Amino acid sequence: MRSGNPALQESTFLDLGTGTVVSRDGGTMTLTGTSNKTGLLLLLAVLTGTWSWSQAFGADGTVNPAIGVYLWGGLLTGFALALVTIFKKTWAPVTAPLYALAQGVFLGAISAMYDARFNGIVMQAVLLTMGTLFAMLFAYRSGLIKATENFKLGVVAATGGIALVYLATIVLGFFNIQIPLIHESGIIGIGFSLFVVVIAAMNLVLDFDFIETGVERGAPKYMEWYGAFGLMVTLVWLYLEFLRLLSKLQSR
């Protein structure tokens, strides 16, 4: 089993010492439970995102100086909680909701900034993200897209390549060096964003497949929270990439 999502890996449902499926008293993982918890995480993100958005600008339309605190505070807190959740899966019932709350603050702040520059872009990105989620779920459940071994290898490789590009962008940014073309609103930049959106969408298929495998193997109940968290990670990535793509299109 492979997933491009770092939160969902082969060792997620296995005991690394014995190679057996992790089990625990108190029930097993179900698709319904995971779906319900995913919905709850999305709701928590929307609630804090709405609050963060409302704090982005003053009554006179000027930018709230605290917007940077909300943006970076939410981003870094969410990242830290994601790491904790990945390494301490049993904590997912607590850390996953906290992650959603933190990411909501970050997403609300960055969404307000995008919408201030490109009016209406946020609603478009939200609709595209949700539409992609349900489209990929339908394609997976109907068998139109199958998570074969070669499919997984391709998506994981592409995801890793994208991660390296973004890491290089961050590192070079410290030296005021920008990677040309791919982050601009030209044809190459738009094509790159389209490619990233497609790969993010393909990761949803791997996430669905991995969650279903956990259910089939009788993973413990807390893994419902962990599976929902992993899916949330991909959805946040997909939403941000849609924002980037739409902003490039509207900049032309």
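Y226 counts as buried (under 20% relative accessible area, with exposed over 50% and partly exposed in between; 1.4 Å probe, protein chains only), because its relative accessibility is 1%. The model is predicted: local features need pLDDT of at least 70, side-chain atom pairs count only at pLDDT 80 or more, and totals for chains, interfaces and linings use all residues. Residues are numbered from 1 along each chain as its sequence is written, and side-chain values use heavy atoms, with hydrogens and water left out.

**Aromatic pairs**

- The whole structure contains five aromatic pairs, defined as Phe, Tyr or Trp rings (for Trp, the six-membered ring) with centres within 6.5 Å; planes under 30 degrees apart count as stacked, over 60 as edge-to-face and the rest as tilted.
- Y166 and F192 form an edge-to-face pair, since their ring centres are 6.3 Å apart and their planes stand at 80°.
- This pair links distant parts of the chain, with Y166 in helix 5 and F192 in helix 6, 26 residues apart; helices are DSSP runs of H or I of at least four residues, numbered from the N terminus.
- Both Y166 and F192 are buried.
- Y226 and F229 form a tilted pair, because their ring centres are 5.8 Å apart and their planes are at 50°.
- Y226 and F229 lie three residues apart in helix 7 (residues 223-251), so about one helical turn separates them.
- F229 is likewise buried, at 0% relative accessibility.
- Y99, Y226 and F229 are joined into a cluster by ring pairs.

**Helix 3**

- Helix 3 (residues 92-117) should span 38 Å at 1.5 Å a residue, and its end C-alpha atoms are 36 Å apart, which agrees; the expected span is 1.5 Å times one less than the number of residues.

**An exposed residue**

- F174 is found in the loop between helix 5 (149-173) and helix 6 (187-216).
- F174 is exposed, with a relative accessible area of 65%.

How values were computed. Helix = DSSP H or I, 4+ residues; strand = E, 2+ residues; numbered from the N terminus.
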